[in-house]
Amino acid sequence: MDDKAKNDASQLNGTHSNGVTKKRQDYLEWPEYFMAVAFLSAQRSKDPSSQVGACIVNQENKIVGIGYNGMPNGCDDDLLPWSRSADDKLDTKYPYVCHAELNAIMNKNSADVKGCTMYVALFPCNECAKLIIQAGIKDVIYLSDKYHDAPEMTASRRLLNLAGITYKQFKPKQGRIVIDFNSINHPGLKTPNDGVADGVLQHSLFENQVQSFSGTQRTDSQPALSKRRQTKAHWPSSEMALLASGRLIKRLPLLIGFAAVKNDNMEYRVVIINFSLK
């Protein structure tokens, strides 16, 4: 490594070549942090086709609500359909599923969310726009607008414009964020067989498990059937995932989760937050 590369690396981790320790420069900025929390919470979703998360933040940059898409409380999600299309609309997920925006508002840990900002993976539909307006949220930061031309999104923009709510698309400074649970004990250490190479997951980890993880079950003689997604995040380590993301927030029990990969010893190793939506 040449002197320039060493100097650049030392500035990122907070150490300078002259021996003076300064703050690290590669910490997450607020927008990346909040959108990452939204994406992290989406890993709790059991929806096999779309995992969406939302994060509500007040004027003091404190998180006051988190949610992800899923079936209503008390409704057995093994008995409700997860399909996107069917001859009868009642056999699709759409009449039943609760969107991330609704759940984030309902999960608020403050008296209200008036004047707050919502970070959400997808541009809100018209039904969610109504909730956002009624809740008093003033700003919406979204990542994807892939359904821009759908009537629901056109109606949503009309409602948000009339209510004076600003909305803008999030432009991530990095395509993905990697959280390594080993970094607290072994900073900078990359083990050879845990599926991580230079901060990027090896695709082979997913290739052999994609069908069972995505919720689609297929046999040689049967068409694909939509079932609930199996790779939802787990509750116990949710706070640890947020600690590892670079900022400490107020404890939010039963609101957030993590997406992790297990190694051969069945130990959770890393969290990947990828700012892309298929």
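Predicted model: local features only at pLDDT ≥ 70, side-chain atom pairs only at ≥ 80, totals over all residues.
Local features are reported at pLDDT of at least 70 and side-chain atom pairs at pLDDT 80 or more, whereas totals for chains, interfaces and linings use all residues. Residues are numbered from 1 along each chain as its sequence is written, and side-chain values use heavy atoms, with hydrogens and water left out.

The secondary structure of the protein chain comes to 8 helices and 12 strands. Helices (H or I, at least four residues) and strands (E, at least two) are DSSP runs, numbered from the N terminus. Of the 278 residues of the chain, 39% count as buried. Buried means under 20% relative accessible area, exposed means over 50%, and partly exposed lies in between (1.4 Å probe, protein chains only). Among contacts (heavy atoms within 4.5 Å) between residues at least 6 apart in sequence, 62% join residues at least 24 apart.

The structure holds 6 aromatic pairs. One of them is formed by W30 and F34, which are stacked at 5.3 Å centre to centre with 10 degrees between the planes. Rings of Phe, Tyr and Trp (its six-membered ring) are paired if their centres lie within 6.5 Å; planes under 30 degrees apart count as stacked, over 60 as edge-to-face and the rest as tilted. W30 and F34 both lie in helix α2 (residues 30-42), 4 residues apart, or about one turn of the helix. An α-helix has 3.6 residues a turn, so residues three or four places apart point the same way. W30 counts as partly exposed because its relative accessibility is 33%, while F34, at 1%, counts as buried. F34 also pairs with Y119 in a tilted arrangement, 5.4 Å centre to centre and 45 degrees between the planes. This second pair links distant parts of the chain, with F34 in helix α2 and Y119 in strand β3, 85 residues apart. Both F34 and Y119 are buried. Ring pairs join W30, Y33, F34 and Y119 into a cluster.

Helix α4 (residues 126-135) has N126, C128, A129, I132 and A135 as its buried residues. The elements covering these buried residues include α3 (100-106), β3 (117-122), β4 and α5. Just after α4, G136 takes a positive phi of about 90 degrees.

Helix α5 has 13 residues and reaches 18 Å from its first C-alpha to its last, close to the 18 Å expected at 1.5 Å a residue. The expected span is 1.5 Å times one less than the number of residues. In α5, M153, S156, R157 and L160 are buried. Seen down the axis of α5, these buried residues fall within an arc of 95 degrees, so they line one face of the helix; the arc is that of the directions from the helix axis to the C-beta atoms. The face turned away from the buried side carries the exposed residues P151, R158 and L162. The buried residues of α5 pack against α4 and β5 (166-169). Just after α5, G164 takes a positive phi of about 75 degrees.

R157, located in helix α5 (residues 151-163), is buried yet has no salt bridge. A salt bridge is a side-chain nitrogen of Lys or Arg within 4 Å of a carboxyl oxygen of Asp or Glu. The nearest side chain of opposite charge to R157 is that of D145, 4.4 Å away; Lys and Arg count as positive and Asp and Glu as negative, whereas His and the chain ends are not counted. Leaving aside residues up to four places away in sequence, R157 touches F123, D145, H148 and Y167.

D139 is found in strand β4 (residues 139-144) and is partly exposed, with a relative accessible area of 26%. D139 and L160 are 21 residues apart in sequence and 9.5 Å apart in space, C-alpha to C-alpha. Not counting residues up to four places away in sequence, D139 touches C116, T117, M118, I165 and T166.

V113 lies in the loop between α3 and β3 and counts as buried, at 2% relative accessibility. V113 and V64 are 49 residues apart in sequence, and their C-alpha atoms are 7.5 Å apart in space. Beyond residues up to four places away in sequence, V113 touches I56, V64, K108, A135, G136 and I137.
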